[in-house]
Structures are given as C-alpha cells and as structure tokens.
Amino acid sequence: QGIGNNKFDPTSLTNREQVATMLGRALRVMVPDADFSTEGAPTFTDEEYISSWALEHVKYMSKLGIIKGSEGKFMPKAVTPAEVAAGYATTTCEQAVIMSTRIYKAFKSE
C-alpha cells in the first residue's frame with residue numbers, strides 16, 4: 001500500500017512494524033483460510049509506539065514467532081533522534097530472509 005498519498009518509496013529503509021505488516025498481508029493472500037487471530041500473542045512494553053495500522057500484523061507475526069521482540073519490547077520504529085541515528089528498529093535483508101524461512105516452515109503443509 002506504499003507510504004501514503006499514492007506514493008511508494010522503494011529506496012527507503014523499512015522498520016519492524018512495516019515488515020510485520022507486509023508479511024502479514026502477504027500471508028493473508030497466500031493462506032486465506034489460516035487462523036489470523038491474535039489471541040495469545042505477546043504483549044510488548046512499547047506497544048504504544050506501534051502504529052494502529054500495524055498492530056494486528058505485529059501481534060499475529062509475533063504470535064507465530066516470525067518476527068520477535070527482545071526483552072519485552074517489539075521495537076516497531078525509531079521514535080527519537082538517537083534511535084534514528086543508530087538505525088534502531090530497522091530490518092536488514094538478512095532478517096527478511098530469516099522471517100521468510102520461518103513463514104515457509106510454519107505454513108508449508110497448508
């Protein structure tokens with residue numbers, strides 16, 4: 001769905017909530033009959049920073065163990081200048097491959 005206002009930014013870095021949302025949307029197309037409930041998903045201490053449009057996807061992908069938090073935090077996006085400078089909450093290509101492998105293993109029999 002892009003970044004809003006009918007724009008797509010393929011060169012910008014993605015953050016963790018964006019990746020969870022993209023993968024969650026892809027799963028809904030690939031396995032439409034799956035149970036997408038978030039019951040039993042972990043609660044994160046930084047949930048207040050997860051965008052409303054991403055929360056359901058973050059919860060679902062976390063419930064499956066596809067994308068995980070650390071020390072009770074999900075780290076959805078950088079919210080301070082120091083976090084932005086440090087690359088906090090970004091997702092690397094390597095992490096995307098790992099998440100894709102986890103999705104394959106979780107749904108290969110469906």
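Helix α2 is followed by Gly65, a residue with a positive phi near 80°. Helices here are DSSP runs of H or I with at least four residues, strands are runs of E with at least two, and both are numbered from the N terminus. The model is a predicted one, so local features need pLDDT of at least 70 and side-chain atom pairs count only at pLDDT 80 or more, while totals for chains, interfaces and linings use all residues. Residue numbers start from 1 along each chain as its sequence is written, and side-chain values use heavy atoms, with hydrogens and water left out.

Now for the overall layout. The chain has four helices and zero strands, and its elements run α-α-α-α from the N terminus on. The C-alpha trace spans about 45 × 35 × 25 Å along its principal axes. A compact globule of 110 residues would have a radius of gyration near 13 Å, and the 14 Å of the chain agrees with that; the radius is taken over C-alpha atoms, and the globule rule is 2.2 Å times the number of residues to the power 0.38. The accessible surface comes to about 7200 Å², 54% of it belonging to carbon and sulfur atoms. These areas come from the Shrake-Rupley method with a 1.4 Å probe, and for residues only the protein chains shown count as cover. Of the 110 residues, 33% are buried, where buried means under 20% relative accessible area, exposed means over 50%, and partly exposed is anything in between. Among contacts (heavy atoms within 4.5 Å) with a separation of 6 or more, 73% are between residues 24 or more positions apart.

Next, the inside of the chain. The largest nonpolar core holds 19 residues, and those touching the most other members are Leu23, Leu27, Val58, Met61, Phe74, Ile103 and Phe107. Such a core is a set of buried Ala, Val, Leu, Ile, Met, Phe, Trp, Tyr and Cys residues joined through side-chain atoms within 4.5 Å. Two or more core residues come from each of α1, α2 and α4 (93-107). Leaving aside residues up to four places away in sequence, Leu23 touches Met61, Ile66, Met99 and Ile103. In α2, the buried residues are Ala54, His57, Val58, Lys59, Tyr60, Met61 and Ser62, and the buried residues of this helix pack against α1 and α4.

A search of the whole structure also turns up two aromatic pairs. Rings of Phe, Tyr and Trp (its six-membered ring) pair if their centres lie within 6.5 Å, with planes under 30 degrees apart called stacked, over 60 edge-to-face, and the rest tilted. One of the pairs is Phe44 with Phe74, and this pair counts as tilted because the ring centres are 5.3 Å apart and the planes stand at 55°. Phe44 sits in the loop between α1 and α2 and Phe74 in the loop between α2 and α3, 30 residues apart, so the pair links distant parts of the chain.

Lys77 pairs with Glu17, their closest N and O atoms 3.1 Å apart. This bridge links distant parts of the chain, as Lys77 is in the loop between α2 (52-64) and α3 (81-86) and Glu17 is in helix α1 (residues 16-30), 60 residues apart. Glu17 is buried at 2% relative accessibility.

Glu56 and Arg28 also meet in a salt bridge, at 3.1 Å from N to O. Glu56 is in helix α2 and Arg28 in helix α1, so this bridge ties together parts 28 residues apart in sequence. Glu56 is partly exposed at 46% relative accessibility, and Arg28 is partly exposed at 23%. Lys59 bridges to Glu47, with the closest N and O atoms 2.9 Å apart. Here Lys59 belongs to helix α2 and Glu47 to the loop between α1 and α2, 12 residues apart. Lys59 is buried at 12% relative accessibility, whereas Glu47 is partly exposed at 22%.

Finally, the backbone. Most residues other than glycine have a negative phi. Asn6 has a positive phi near 55°; this residue is in the segment before α1 and is exposed at 86% relative accessibility. Met75 likewise has a positive phi, near 60°, and is placed in the loop between α2 and α3.

Terms used. A salt bridge is a side-chain nitrogen of Lys or Arg within 4 Å of a carboxyl oxygen of Asp or Glu. Buried means under 20% relative accessible area, exposed over 50%, partly exposed in between (1.4 Å probe, protein chains only).
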